[in-house]
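Here is a short report on a two-chain model. It starts with the core, then turns to the contact between the chains and to confidence.

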Amino acid sequence: MSAAAVCLATMGAIVAVGAALGFLAGVRRRMDLEQWTVAGRGFGVVLVFLLMTGEVYTTFTFLGLSGWTYSRGAPTLYGLAYLSLAYVVSFFILPPIWEVGRRHGMQTQSDFFRVRYRSRALTALVCIIGIAAFVPYVQLQITGLGIIVSIASFDTVGRTPAMAITMVLLVGFVFAGGVRAVAWVSVLKDALMLIAALAIGLGLPLLFFGGIGPMFAALIAARPAHLTMPGATSNLGHAWYVSTVLLTSLGFFMWPHGFGAAFTARNADTLRRNAVVMPLYSLSLACMFFAGFTALLVIPGLANGDLAMLTLVRRSFPPWFLGLIGGAGALTAMVPAAIFILTASTLFAKNLYRPLIAPAMTDDQVARLARGTVVVLGSVSLALAIFTSTSLVSLLLIGYAGVSQFFPGVVLGLYWRRVTAGAVLIGVLAGVVTAMALMLTHHDPCFGVSAGFLALCLNFLLVVLLSVVWPVRTTGSDASLDAFELRASVGY
Amino acid sequence: MAPAGDHMKKPSPASLILALIPFTAMCFSVSLWDRVEPLVLGLPFNLCWLITWIVLTPLCMAVAYRIEAMHDARRRGP
């Protein structure tokens, strides 16, 4: 057997086990809408935890962080900081979100905006932005899968067919199993990922330099500037670091799937406990930095940094081991991509299409529409992955620039009575338009600050100002605020 | 209007301050610790600093958790 065949066989076996686990989880259950999207609300605390951690390790972690470490250097450290801080933020916002969710039977992020602001326009806008933000995030996973398959096949399978094959597999996986499949495969995926991270992060420096310390000593001698910001870039300095860490840590739970996962918890205390311990989960990310730095020393000069870590693994380890890493990496792309596609298509069918266009639809029709949306979303992401080339980290930051614009509406909605639907609507619109305009005209970072963060500041300012100068009429809307029952939580 | 749902509370100032500690350490103070020297256990200082704070953050939040739990108990009354 050739090296490529051994490698692909190992990788295929791992993906097959994962897929089988997913299909088995869905078998013998009638897949109606409730079962498909929230597993009939039957998840215990362990499965909720797995579902939430399922999206922590994505292709961004696996290839993106090591790739940026290789090509950009120290600015990548933001990836080590923001996850811990995102959980610190969640300590304060998820319990009250869970609380209002329980009182009003909320299932999705859109439900939150609908109940709090009573504005169809705002709810629809939040829904559309949420779905749109998933596109670059899914594109990131598909691009990563393409990289993994083409490297694991020793370049015998091209990137485009590789992405197409994995896309079909992914859609089939989401179709058959729904959310239950996703949670179960997370177990396998996270275990493999942890092993892979340790093996690569500790193994590669050991193999080439005899340890992490000597590796850094060599790096300091060869490229001292790579290790402090702005690293190999000209514009990713300290202002960029602070603004990007703030943008991503505040935005982390604004992703519709993270926000929605809060509703599945047993109680608010569970969410608070999770917030305390979860930062430790990001310790293993440090391994990706070690791998990226080692690759920079051993195989410098690759045009695409995202390829660096796997290329080095291929050079250093036997084919079956590359297959193991590739299999872990493939599941790491497939599981989150499945969560994102599932959430986005449910949002579209249930919170956008039915209320706005066809209120008479039955649940079964919504479920069918959601499945159709899965195919459309997958195809759009695949097309973007084939025809554009953006680094994995940049793709993620585009998505964050979108979803983090929900933050003022959520936090002020929870803690400030005077905030109005109109103000939030204008704030979100202004934020998203500003972020996209700056990014599309290549002004990110803008004056050294992350464009998404500038947009978020503008958004926050607008929401506060407009709520003050354009106050809500007290008679009608008081009832809805009372229904929200959050006034007691704040001192105003 | 009587405050509805007394168990819905705003976080106490103490736990907000505890939450500010990791934000200050890992985010705002970046220009103070973004250095290679001194190496700690062979790691560049900035990398080592962040790894240390990933471990210290749960400690800060564990204290915040205790404080919130105490407030909950007091609010429910004796």
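This is a predicted model. Its largest nonpolar core has 189 residues. Within that core, the residues with the most contacts are A:Ala81, A:Leu85, A:Ala338 and A:Ile341. Helix H15 of chain A (residues 319-356) supplies the largest share, 19 residues.

The contact between the chains takes 43 residues from chain A and 34 residues from chain B. On the side of chain A, helices H5 (78-104), H9 (212-222), H10 (238-251), H12 (268-277) and H13 (286-298) each supply at least two residues. H5(A) gives the most, with nine residues. The make-up of this side by class is as follows.

| Class, side of chain A that touches chain B | Count |
|---|---|
| Nonpolar | 31 residues |
| Polar | seven residues |

How confident is the predictor in the complex, by ipTM and pTM? The ipTM is 0.89 and the pTM is 0.87.

For chain B, the mean pLDDT is 84, and 85% of its residues reach 70 or more. Over residues 1-8 of chain B, the pLDDT is below 50. Beyond near neighbours in sequence, this stretch has 17 contacts in the model.

How values were computed
Residues are numbered from 1 along each chain as its sequence is written. Chains are lettered from A and ligands numbered from 1 in the order in which they are written. This is a predicted model: local features need pLDDT of at least 70, side-chain atom pairs count only at pLDDT 80 or more; totals for chains, interfaces and linings use all residues. pLDDT is the predictor's confidence in each residue, from 0 to 100. Two residues are in contact if their C-beta atoms, placed from the backbone, lie within 7 Å. A nonpolar core is a set of buried Ala, Val, Leu, Ile, Met, Phe, Trp, Tyr and Cys residues joined through C-beta atoms within 7 Å. A residue is buried if 20 or more other C-beta atoms lie within 10 Å of its own, exposed if 12 or fewer, and partly exposed in between; C-beta atoms are placed from the backbone. Helices (H or I, at least four residues) and strands (E, at least two) are DSSP runs, numbered from the N terminus. Ala, Val, Leu, Ile, Met, Phe, Trp, Tyr, Cys and Pro count as nonpolar, Asp, Glu, Lys and Arg as charged, and the others, Gly among them, as polar.
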